[in-house]
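Welcome! Take a look at the structure below, and then read through the briefing that follows.

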Amino acid sequence: MATNISFLLNGDKISYEIKDHWTLLHLLREEMGLIGTKEGCGNGECGACTVIVDKLAINSCLYLAIDADEKIIETIEGLASTDGTLHPLQQSFVDNGGIQCGFCSPGMIMSSKALLDENPKAGHEEIKHALAGNICRCTGYVQILDSVEAARDKGGQNE
Amino acid sequence: MRLPKFNYLGPKTLDEALDLLDTYKDDAKILAGGTDLLVRMKKGLLKPKVLISLKALNELSYIKKQSGFIKIGARTPLADIIDSDLIQKEAKALFQACKKIGAISIQHFRGTIGGNILQDNRCHHYNQSDFHRSGRQACHKDGGKICYAREEADRCNSTCQSDGATALMALGADITLVSKSNERTIDLADFYTTDGIMPHACESNELLKEIIIPVFGAHSSYQRLAYRSAIDYPIVCAGVLLKPSLKNEIAEARIVVGAMGRSPLFLAQISSSLKGKKLNDTIAFKKAADASMDSSATFAVHNVGATLEYRCSMVSQMVFQALEQTAETIKA
């Protein structure tokens with residue numbers, strides 16, 4: 001069955017005809033071509049597909065597209081400005097070596113953004129808790145946590 | 001991974017949902033958060049024709065205290081339970097259990113307490129992709145006649161790994177199930193069939209409506225062991241409830257061991273052996289913990305990760321820690 005939904009994606013009003021069995025991840029990647037959001041496990045275990053819906057980080061692989069109707073959705077594509085300036089969190093991941101292969105980064109950054117938007121002064125433990133659902137298979141988590149902390153310390157400003 | 005095709009129905013009221021459920025019965029599945037259901041569907045373990053979404057049914061999302069009972073709507077998100085002062089104070093085991101379920105992205109939005117209780121049993125031979133399962137004979141749970149977890153087993157040995165169910169059973173919770181023509185409240189312990197294939201005594205036209213926890217001056221604790229701190233099922237867990245008497249002795253005890261059997265195991269005899277014991281009687285706690293290990297070990301099979309030996313010996317640790325922690329809370 002096809003249904004028409006409309007939602008706000010990275011600030012743009014979108015209207016789309018979707019099938020009932022599509023996940024939000026499928027809609028973003030396969031249909032709209034926004035391949036910044038990654039599919040890792042597809043089971044809600046790895047967090048690579050994290051996007052922000054109504055200010056909360058969710059796993060888009062377990063979120064039906066039909067449930068996105070009337071929601072405000074943010075993906076990694078919406079973070080950098082149109083002139084190419086990176087979002088402070090993205091810049092911080094680059095500066096602090098929080099990226100190796102980059103596959104987990106969109107999810108890590110979206111989970112961190114949801115946290116820092118809600119609590120700009122989040123402590124080390126809160127950051128660890130917020131990122132507990134995101135897996136990195138390259139190296140480790142120290143640089144990633146450092147990156148988030150550095151972005152927090154700059155208070156959302158690029159240097 | 002793609003979802004198989006289905007039709008999505010979004011009833012606006014509970015009555016409408018029950019009507020739909022009565023019409024479609026086995027062809028329908030209830031979609032609350034979907035964090036368990038959608039994964040099963042992706043793996044081809046379930047192929048419902050319709051999903052009945054509870055999204056619009058805000059009437060099923062509440063936490064309230066009413067004449068000596070805490071009542072929780074089945075669709076209440078895990079995050080609401082974690083944030084509730086009432087649950088933290090009066091039903092600590094449930095608070096501790098919900099904190100361990102999933103990660104923020106699961107708790108905050110998708111996961112619900114009803115869904116956590118109603119999650120199907122798991123087994124790492126069964127919870128695999130279509131492709132994996134297509135390469136060998138079907139097991140009992142898959143409609144076949146063999147068990148990969150225990151040789152020569154004549155039945156399914158899948159394990160109930162619900163954090164919420166173990167904690168709620170320790171708290172002595174009841175649940176209310178509704179259908180179009182009926183409403184019944186049963187003890188959560190009676191809700192389990194000990195059948196690995198159909199673990200819950202829930203009719204195809206019934207919907208879990210409410211969880212009812214009695215509040216009677218008891219304290220509780222929940223302990224679990226898992227590989228990962230987030231997004232992982234427990235390989236062993238224990239929920240404990242102790243009610244102190246005026247003389248600071250144990251007036252009532254409930255010990256429940258989870259992730260070891262086909263349902264959470266309420267160990268009635270061991271629990272009552274603690275009656276009359278002092279709250280600082282560590283030796284009695286140790287004895288009860290070891291007895292819990294012996295009792296639950298008979299149910300466990302090697303099917304959820306870690307070795308069986310390790311899981312069995314950790315039962316004793318989990319029960320002991322939960323008992324100690326509950327006693328500490330009472331003393332404080």
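**Where the two chains meet**

Between chain A and chain B there are 8 residue pairs in polar contact, both residues at pLDDT 80 or more. A polar contact is a pair of N or O atoms within 3.5 Å; within protein, one must be able to donate a hydrogen and the other to accept it, and residues adjacent in sequence count only if both atoms are side-chain atoms. This is a predicted model, in which local features need pLDDT of at least 70 and side-chain atom pairs count only at pLDDT 80 or more, while totals for chains, interfaces and linings use all residues. Residues are numbered from 1 along each chain as its sequence is written, chains are lettered from A and ligands numbered from 1 in the order in which they are written, and side-chain values use heavy atoms, with hydrogens and water left out.

**The side of chain A that touches chain B**

- Helix 1 (24–31), strand 4 (56–59) and helix 4 (124–130) of chain A each give two or more residues to this side; helices (H or I, at least four residues) and strands (E, at least two) are DSSP runs, numbered from the N terminus.
- Strand 4 of chain A provides the largest share, 4 residues.
- By class, this side of chain A has 13 nonpolar, 10 polar and 5 charged residues (Ala, Val, Leu, Ile, Met, Phe, Trp, Tyr, Cys and Pro count as nonpolar, Asp, Glu, Lys and Arg as charged, and the others, Gly among them, as polar).
- In total, 28 residues of chain A are in contact (heavy atoms within 4.5 Å) with 26 residues of chain B.
- The two chains, A and B, bury about 2600 Å² between them, 60% of it on carbon and sulfur atoms; buried area is the accessible area (1.4 Å probe) that two parts lose on being put together, summed over both.
- Chain A and chain B share 1 salt bridge, and D67(A) and K55(B) meet in a salt bridge at 3.3 Å, N to O.

**Two domains in chain A**

- Chain A is divided into domain 1 (2–77) and domain 2 (88–154), with bounds that come from an automatic or database domain assignment.
- The contact between them takes 16 residues from domain 1 of chain A and 12 residues from domain 2 of chain A.
- About 1100 Å² is buried between domain 1 and domain 2 of chain A, 64% of it on carbon and sulfur atoms.
- E74(A) and K113(A) form a salt bridge, with their closest N and O atoms 2.6 Å apart.

**Salt bridges in chain B**

- A salt bridge is a side-chain nitrogen of Lys or Arg within 4 Å of a carboxyl oxygen of Asp or Glu, and the count over all chains is 20.
- K180(B) pairs with D19(B) in a salt bridge (3.5 Å, N to O).
- K180(B) is in the loop between strand 6 (174–178) and strand 7 (183–187) of chain B and D19(B) is in helix 1 (residues 14–24) of chain B, so the pair ties together parts 161 residues apart in sequence.
- K180(B) is exposed at 52% relative accessible area, while D19(B) is partly exposed at 35% (buried means under 20%, exposed over 50%, partly exposed in between, with a 1.4 Å probe and protein chains only).
- R40(B) and D36(B) form a salt bridge (3.1 Å, N to O), and both residues are buried.
- D36(B), R40(B), D120(B) and K141(B) are linked in a network of salt bridges.

**A buried threonine**

- T166(B) sits in helix 9 (residues 163–170) of chain B and is buried, with a relative accessible area of 0%.
- Beyond its neighbours within four places in sequence, T166(B) is in contact with residues including Y222(B), C237(B) and P264(B).
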